[in-house]
Amino acid sequence: MTQRKMTGILMIIGPVIGLLFWLVGPAGILGGNGLDADSTNAQIVGVLVANSDWSGYSLLFGTIGLLLWLGGFTGVKSSMSSGEGSAYSGLGYLFILVAMAGIAASNGIQAGVTMEAAQAGVAGAFYGASDALGQFSITILSIGVGIMGIAMLIQKNVSQILAGIPVILSILIVAMVLTDQDPSVVGAGYGLVTLWSIWLGVTLARSE
């Protein structure tokens, strides 16, 4: 298997695994626990504690998905290491690396909410901190992806449409976050970046 194909596969399965376990986790919209955008931190924490095992598993596998996705971005960066877009790809990768670390930390804090944090009576504060960190990190991720798109526009290693989409997405997501702090806005941005990553992954995996 070539590095290009491996990169493509990771760009597909990484974000899909991360998004899937985020959606089907106890606090996810597909978790079946009746939570919505109006749910309070206390209600969300109650669901996490009541489903502590599944919460832990979903957060673990979701984080593994993020690490696989990071491996895909590492391959994308490596493919541009000797081209005109290398400086931008390196900068974009730095943003993405920091963002992935932030999301992983957010997941770790949420895992703690179901154990020691809940017993200490500060679960709501812990969850609020983890949620804010996650949203902030996703915004940083979108900026990194946008910079990576600029690198691909310069490098011309994929179609200009595929390279230009993350630049537009990055601008839109940052603009939406600055004007509307609703978590659903950040979640929608994460979903759009995921769809673009799958498209890029399919393109890379099918190319020789």
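Me: What share of the 208 residues in the chain is buried?

Reply: Buried residues make up 45% of them. This is a predicted model. A residue counts as buried when its relative accessible area is under 20%.

Me: Why are H1 and H3 called roughly antiparallel?

Reply: Their packing angle is about 155 degrees. Angles over 145 degrees count as roughly antiparallel. H1 and H3 are therefore roughly antiparallel to each other. Their axes lie 7 Å apart, and H1 passes H3 in a left-handed crossing.

Me: Which classes of residue make up the contact of H1 with H3?

Reply: The contact has 14 nonpolar and 11 polar residues, and no charged ones.

Me: What makes a set of residues a nonpolar core?

Reply: The members are buried residues of the nonpolar kinds, such as Leu, Phe and Trp, joined through side-chain atoms within 4.5 Å. The largest such core here has 32 residues. Trp69, Phe73, Trp196 and Leu200 touch the most other members.

Me: Which helices supply at least two residues each of this core?

Reply: H1, H3, H4, H5, H6 and H7 do. H5 gives the largest share, 7 residues. Another core, of 5 residues, lies apart from it and includes Ile44, Leu48, Val113 and Tyr127.

Me: Which residues is Phe73 in contact with, leaving aside neighbours within four places in sequence?

Reply: Met11, Tyr93, Ile96, Met100, Val145, Met148 and Trp196. Contact here means heavy atoms within 4.5 Å.

Me: How many helices and strands does the chain have?

Reply: The chain has 7 helices and 0 strands.

Note on methods: Residues are numbered from 1 along each chain as its sequence is written. This is a predicted model: local features need pLDDT of at least 70, side-chain atom pairs count only at pLDDT 80 or more; totals for chains, interfaces and linings use all residues. Side-chain values use heavy atoms; hydrogens and water are left out. Buried means under 20% relative accessible area, exposed over 50%, partly exposed in between (1.4 Å probe, protein chains only). Helices (H or I, at least four residues) and strands (E, at least two) are DSSP runs, numbered from the N terminus. Axes are lines fitted to C-alpha atoms, for helices over the stretch in contact, and angles run from 0 to 180 degrees between N-to-C directions. Angles under 35 degrees count as roughly parallel, over 145 as roughly antiparallel, 65 to 115 as roughly perpendicular and the rest as oblique. A crossing is left-handed if the near helix is turned anticlockwise from the far one by less than a right angle, and right-handed if clockwise. Ala, Val, Leu, Ile, Met, Phe, Trp, Tyr, Cys and Pro count as nonpolar, Asp, Glu, Lys and Arg as charged, and the others, Gly among them, as polar.
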